[in-house]
Amino acid sequence: MRIIVRFGGIAMLVAAIVILAVLPFATSFVEQWTRRDVELRSRLVFNSVRDQVSGLLARNDAQQAGILFERIASDERVLAIGYCDGQELRFPTSNMPPSFSCAEASRSDSESFSVVRNQDHNVLVSSFPLNAGGRPGHLVVLHDLSYADQRGGEARNYLFLALAGVAFGAAALAAMIAAIIMRRWLSSIRQALESARTGNANPPVEENIIPLGQEIRDVLQELEASRRTIDAAHTDWSPETLRAALSNELSGSEVIVVSNREPYIHNRTNGGEISLQIPASGLVSALEPVVRACGGTWVAHGSGTADRDTVDANDRVPVPPNHPSYTLRRVWLSEEEQDGYYYGAANEGLWPLCHIAFVRPIFRETDWQFYRSVNEKFADAIVAEAKREDPIILVQDYHFALLPRMIRDRLPRATIVTFWHIPWPNAETFGICPWREEIIDGLLGSSILGFHTQAHCNNFLDSVDSYVESRIDREKDSVFFGGEETLIRPYPISIEWPPTAMEGQRPVEECRRIVRERLGLSPDMRIGVGIERFDYTKGILDRMQAIDALIGEHPEWRGNFTFVQVAAPTRSKLANYRLLQEEAEALARDINEKYGGDGYEPIRLLIRHHEPDEVFELFRAADLCIVSSLHDGMNLVAKEFVAARDDEQGVLILSAFAGASRELSEALIVNPYNAHAMGEAINRALTMPQNEQRERMRLMRDQVKERNVYRWAGQMLLAASRLRKQQRIRRLIARGRRLAPANA
Ligand code: F6P
């Protein structure tokens with residue numbers, strides 16, 4: 001109300017200033033106009049009597065001239081009339097002011113007008129040249145101007161009243177418009193604030209319940225609380241705390257996850273049965289427990305041979321099969337699409353581009369076209385799955401660089417959090433990619449773009465800086481591109497804690513015995529393990545060379561140490577992967593021939609997929625684990641080994657080029673390209689006192705426990721929630737700004 005009164009008051013004040021400025025001009029205009037009217041009258045009088053007066057003066061007929069002048073002066077506005085013969089006034093009428101003198105009137109040879117003061121009013125003296133009998137003279141007509149002053153005063157009063165009326169009307173109108181605008185503005189602010197509070201896009205509006213300032217304070221407090229939750233969220237992340245954080249911060253929100261690899265694969269066995277496979281994928285092992293905890297929909301490529309037989313009419317299947325808690329929506333790809341998008345563009349192009357493993361990337365235009373069209377296909381599936389206009393969409397990995405932009409175009413109000421699970425190369429390396437601008441544009445459709453490490457974030461920002469027109473805020477680590485902001489953040493991925501695979505694990509001593517028996521090893525054989533997909537980035541050949549170096553330089557380990565390498569076949573359609581497997585088999589054979597004998601093989605290469613509980617059993621049976629990636633975004637095997645060792649024994653040998661080395665600094669950090677040094681690290685691990693092993697393992701377990709995958713997901717989702725609130729407030733303020741001037 002106060003604002004409206006203030007609005008009306010300002011309008012009144014402006015009107016008063018206008019009136020004060022205009023009034024003197026208006027008064028003087030009326031006076032001039034009246035004076036011109038009187039001058040005209042004088043001229044009329046002169047013209048009508050000129051000849052007559054001229055004749056009378058020529059005859060010097062004073063009597064007739066006096067009568068004529070008195071008759072003219074009988075007009076109520078003519079005060080007096082007379083004839084100036086040079087300086088001498090002749091035939092003045094009776095009302096001629098005694099102070100009048102011909103001196104002024106006779107000065108000009110042409111007609112002239114002047115105003116003189118007579119008693120208490122103004123008099124207009126009009127003087128017209130008129131010759132009488134050859135002598136120059138002037139006829140003077142005096143008009144009383146008091147009536148003109150009166151008319152000017154009246155005009156001024158009327159004008160003042162009229163302007164005051166208009167000003168008052170304008171002020172009332174302005175106040176009315178202000179009231180309407182304020183009402184609409186307040187209502188839209190309330191709506192947006194309510195929406196920010198509840199997370200609903202279109203909440204019901206209850207007007208005037210809480211004063212606006214209070215509402216803004218409430219939302220800001222919520223933002224501050226969510227910031228504190230994010231900051232304080234460094235301990236005790238679990239499915240429960242993640243669920244609680246989500247229901248506090250994002251209640252009612254819809255979460256959709258999208259990845260190429262599906263979390264559950266249904267395959268048809270040779271006997272015709274349907275079997276369930278959990279793929280060997282870091283992405284799946286990290287994300288699955290999170291989606292299990294918060295529910296929602298996971299959109300992924302249906303790659304299993306029995307996948308189509310297990311979905312409903314909408315290609316959906318509830319998972320996990322035993323205790324469903326979310327929906328898996330499968331997307332079907334033809335063989336041609338898989339060859340172009342998955343094997344070609346993603347794994348022969350982007351994978352070697354992003355990993356420094358000295359494998360040349362292959363960029364085929366036909367592959368890129370499939371990559372683009374498959375991204376479109378996933379965008380269609382996501383839009384079809386979305387029940388709201390503002391879902392939270394978690395886009396996973398290098399298979400979907402174009403997807404964030406495609407979703408942004410279709411669902412502008414979605415919060416898109418993209419996570420790039422592999423390293424991002426430096427700008428110079430990235431620059432060789434023929435699709436670099438399109439990839440950056442696609443990724444900048446995201447609200448938040450996450451990498452494992454700050455170094456990868458920096459590489460991405462440098463790439464943006466080098467190849468697209470944008471504004472980079474280095475302090476905030478964000479990019480403004482096409483009017484939208486994308487936050488670039490490090491979120492180190494992790495594993496669930498405690499891992500599901502630990503459920504039902506036997507005590508360590510038993511695992512050691514069982515594994516040794518299974519592999520036909522003596523009970524006191526020392527064991528090292530390496531477990532991964534058969535990928536050239538993992539440094540499998542390099543660690544075998546390190547075994548060679550170890551036994552070569554420390555022959556005491558010959559016959560006493562076995563390295564068990566588990567390698568799950570992967571991407572076998574691609575020549576580089578087939579070649580790696582052949583090379584690894586040949587190298588293992590060579591080393592075994594070199595140092596083996598009597599049933600002893602220093603390297604046991606097990607090429608098959610192992611289920612998580614088998615993997616954990618192996619971890620528990622081992623004395624050491626080698627993760628020798630040539631380059632790796634994070635590497636979860638390292639964290640799983642630590643999580644498996646609740647006996648606080650065992651040594652982790654970890655590549656400096658895996659993201660995990662930033663967090664697990666108590667591991668023996670190695671350069672996988674240096675076989676000798678890695679051999680020495682293995683020797684050190686095998687001779688490390690139990691106390692030292694315990695101290696190192698304890699610290700690493702604390703780290704993995706605290707920075708588990710629920711924290712990873714929680715940090716991203718809470719950042720998304722905060723962003724949604726900030727964006728709603730920004731939209732609200734922008735809407736308010738647009739509304740106010742448009743209606744004012
Ligand atoms: O590291 C990238 C990644 O997508 C991981 O998330 C996952 O462990 C691996 O590649 C799986 O690859 P694929 O799905 O091709 O078997």
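Colleague: Is D380 buried or exposed, or in between?

Modeller: D380 is partly exposed, at a relative accessible area of 42%. Buried means under 20%, exposed over 50%, and partly exposed in between (1.4 Å probe, protein chains only). This is a predicted model, where local features need pLDDT of at least 70, side-chain atom pairs count only at pLDDT 80 or more, and totals for chains, interfaces and linings use all residues. Residues are numbered from 1 along each chain as its sequence is written, and side-chain values use heavy atoms, with hydrogens and water left out.

Colleague: Which residue forms a salt bridge with D380?

Modeller: A salt bridge is a side-chain nitrogen of Lys or Arg within 4 Å of a carboxyl oxygen of Asp or Glu. Here R410 pairs with D380, and their closest N and O atoms are 3.3 Å apart. R410 sits in helix α10 (residues 403-410) and D380 in helix α9, so the pair ties together parts 30 residues apart in sequence. Helices are DSSP runs (H or I, at least four residues), numbered from the N terminus.

Colleague: And how many salt bridges does the structure hold?

Modeller: There are 52. Another one joins E438 to R372, with closest N and O atoms 2.7 Å apart.

Definitions and conventions
Helix = DSSP H or I, 4+ residues; strand = E, 2+ residues; numbered from the N terminus.
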